[in-house]
Amino acid sequence: MLPSSTLFTFFLLSIITFVSSQLSNPSASLENGNVKLTFNVPTSLREELVVIRLDRGDGSRSQNILFIYKADFSTKVEATLTNKLTVTTSASERKVEIAISGVQSGDAGMYQCWDGAGASGTVLPNCGHKLIIVSKPKPPSILSLTSALEGQTLKLSCNTSSTSLPPDHGLNSNILWRDEQNTIIGIPAGNKFVMNADGHLEILNIQRLDRGRKFTCTSSDKADNINNAPVSDPSLPYEIKPEYKPSSSDMVLDPAIVSDSKIVKHENEDLTITCTITCEPACSVQWSFQAYASSSFSPVQLSESHILNLKVKQTDQGTYRCTGTNKYGETYKEFQLEVHYINTPVVRVNEKTEDSSRVVENEQVRLYCTIDAKPVPKITWNSPTGVLVSEEGKPSPQVSSRVLQNNYTNSYTLNSVQCENSGMYSCEGHNIVSSVERKINILVMCPPSSSAIPALALEPEYVWEMSKSLSFSFVIKAFPEPEVIRVISMVNDISRTEEKNKDITITKSSKYDGKDYLTKFTFTVIRTLDMNDKDRTFKMTFESSEFKRDLQFIIRPRGPPQPVTNITTVDITHNSVKIFWFAAFNGGEQQNFNVEYRHLTESSSSPWTTGAKDIKDLHLSGMWTEAVIENLGSSTDYEFRIVSSNTLGTAQSLPFRIKTLDGLSKSLNGGVIAGIVITVIIFIVVIFIAAILIYRKKTNASRRHEYSKAHPPYDTIVRGGIRDEHEYSVIAKTSLARYSNVSTKRDKDNIQDIDNLDRSTQDRDEAHYQSIDLFKS
């Protein structure tokens, strides 16, 4: 065996000799064809034998084809090929011609002359021939060399796969391109399709309309002496997908929305918008949101990036944008979301926000109700007794810049609040979205006083049966809730402390009729009452955390009524008189009054006559009872009395006297006639003066108007709050004291008759009514 280095050198020399021995023009044939191969055998031979061998170029061992003997130039065909090869020689020309019939792919390769057989043989130069068997190529594949970018040129390559042998046959491919109509394109070059020298198809000015167009290619091996070389099957179609920067027309929002349009939703409604976009290459889709007063968009976190799915709330109000992006750029569509909503009212009392408010009686209370809503809400203030005000809210400043607010306010003023104004006030808001309400409990702090509830007011007088105890209930108006801390009673200027649970018991019930400011008390005298307790005054001291006040009442035993007081007579004429009086204690029963009178003379008096009968006591504290007595004689002295009666007895007032005025004479004398004439003349003069005054009034209206403004009446000035002497003088252009004196004199003249009336009061009742006046104070 030869050393490895010697073998490598031999192999290298063999390749060099092999390459140099190849002919420039190989022979080509289709399968089953007949070919002739010509070999020129050189004269300078080292060995006695020349061998023509076939190297198929596929890595297999070379095959001996023909043996040529140096001595006589005779030949011998390889035994396995005798039926296939025909050999012709010319010794003089040193030429050998091999004819091969019905060639097959196994016959393809390099036929080469070797000087000598076996391992010692060498390749003879310029003594060889390549035989190419042209076969049908495999179906090619299409590869894009550039992107199918809109407006640019797309280059497609048809990648062939030849099956001709030997593998290093070196034949070029013949490429044909066809469109979806199987029409050959690119040859010759046109405005849209060009096939360049490399067989690449160039599609010019790619447009979106080219999307979906399909192209195929075929190939065949090109040999000079073969015109009908087999053509491959077509490649798989290549479909054009133009690539482009996306535009808004590529994007679809479902349901359809015109860009920059507005969607209106109520709070808590569902909003679902699907954003799809057709892009090449495919676009990513992202929803983003720009809130009110924000300068930028932020991504919306969604389970599916292309589906906007919201349960709408107020903070969702703003601009929504769907953006489609690929490597060439981006596009978007957006819309405005307007949220209709209404939030719970914010209630303020005198600028303070609270759920419960305490105010002092007679203060001014201003109620504010602010509602953040869209659209404008109708705001209604309700009091415990009914609607105070109901109208559309008035816009008010925005409180927060983080969220778009639409604040509307309605206010109502309670002037000089009383305990009765206490209770639950509510602010109601309503718009097309919903209704909302916020309540506030207003508690008016007031000192203890008697309520005006029928049968439960603290009466000035209470009646007891001598055989029974005294017990009654009353309701006190006060807040905070009071306690009775002390009870003192007094009769005949002697006082005593009434001890609880020994002399009296007092129980109470809070929040009478559900009102915080009403407390019901039950007062019971548990000690035995007797006539020594007649006209006893009880003074109860009520105390709360804010107030302390005394209230009192008188107890009287049931019996006949007491005589009336404060009798006053007015309007005395020649035949009538009007009488006023105050009703006294009625003895615990309904009482009526009769007015009786009689005629007085120097020697005697007539029997009593009833002038007014069964006048009912209306139980109106501080109000006069009155009667008019008519059909009296003129210029006559009378004595009157008022009789009070109930089912248990009667009582008479002290008598009082009056004298009627003189009556008219039965005939007219000369003085009367003269008086009538003078009266007529005066009447005519008054008419004349009135006409002049009317004329002046019409011509000087503006001057008189300015004068009246400059000289307001005193009572007008006082009602307007002006009581200062200097201030009045400036306005009225006269002295306040002077005007007041004139007014006082006028008033005195008007009531002169009342000042001259006879007033009679019974002395024995004076002390009793002084105690009543004390209670009223």
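Q: Which cysteine forms a disulfide with cysteine 369, and how far apart are their sulfur atoms?
A: Cysteine 369 pairs with cysteine 427, with the sulfur atoms 1.7 Å apart. A disulfide here is a pair of cysteine sulfur atoms within 2.5 Å. Keep in mind that this is a predicted model: local features need pLDDT of at least 70, side-chain atom pairs count only at pLDDT 80 or more, and totals for chains, interfaces and linings use all residues. Residues are numbered from 1 along each chain as its sequence is written, and side-chain values use heavy atoms, leaving out hydrogens and water.

Q: Is that disulfide left-handed or right-handed?
A: The torsion about the S-S bond of cysteine 369 and cysteine 427 is about -75°, so the disulfide is left-handed. Cysteine 369 sits in strand β29 (residues 365-374) and cysteine 427 in strand β34 (residues 423-430), so the pair ties together parts that are 58 residues apart in sequence. Strands (E, at least two residues) and helices (H or I, at least four) are DSSP runs, numbered from the N terminus.

Q: And cysteine 369, buried or exposed?
A: Buried, because the relative accessible area of cysteine 369 is 0%. Cysteine 427 is buried with a value of 0% too. Buried means under 20% relative accessible area, exposed means over 50%, and partly exposed is in between (1.4 Å probe, protein chains only).

Q: How many disulfides does the structure hold?
A: Six. Counting bonded cysteines along the chain, the pattern is 1-2, 3-4, 5-8, 6-7, 9-11, 10-12.

Q: What about cysteine 158, which cysteine is it joined to?
A: Cysteine 158 is joined to cysteine 217, S to S 2.0 Å. The torsion about their S-S bond is about 80°, so this disulfide is right-handed. The two lie in distant parts of the chain, 59 residues apart: cysteine 158 in strand β11 (residues 154-161) and cysteine 217 in strand β16 (residues 214-222). Both cysteine 158 and cysteine 217 are buried.

Q: New topic! Which residues make the nonpolar surface patch of about 630 Å²?
A: Val677, Ile681, Val685, Phe688, Ile689, Ile692 and Leu693. Patch residues have over 30% relative accessible area and no salt bridge; like charges are joined within 9 Å, and nonpolar side chains (Val, Leu, Ile, Met, Phe, Trp, Tyr) within 5 Å. A salt bridge is a side-chain nitrogen of Lys or Arg within 4 Å of a carboxyl oxygen of Asp or Glu. Accessible areas come from the Shrake-Rupley method with a 1.4 Å probe, and for residues only the protein chains shown count as cover.

Q: Where does valine 677 lie?
A: In helix α2 (residues 670-699). Valine 677 is partly exposed, because its relative accessible area is 46%.
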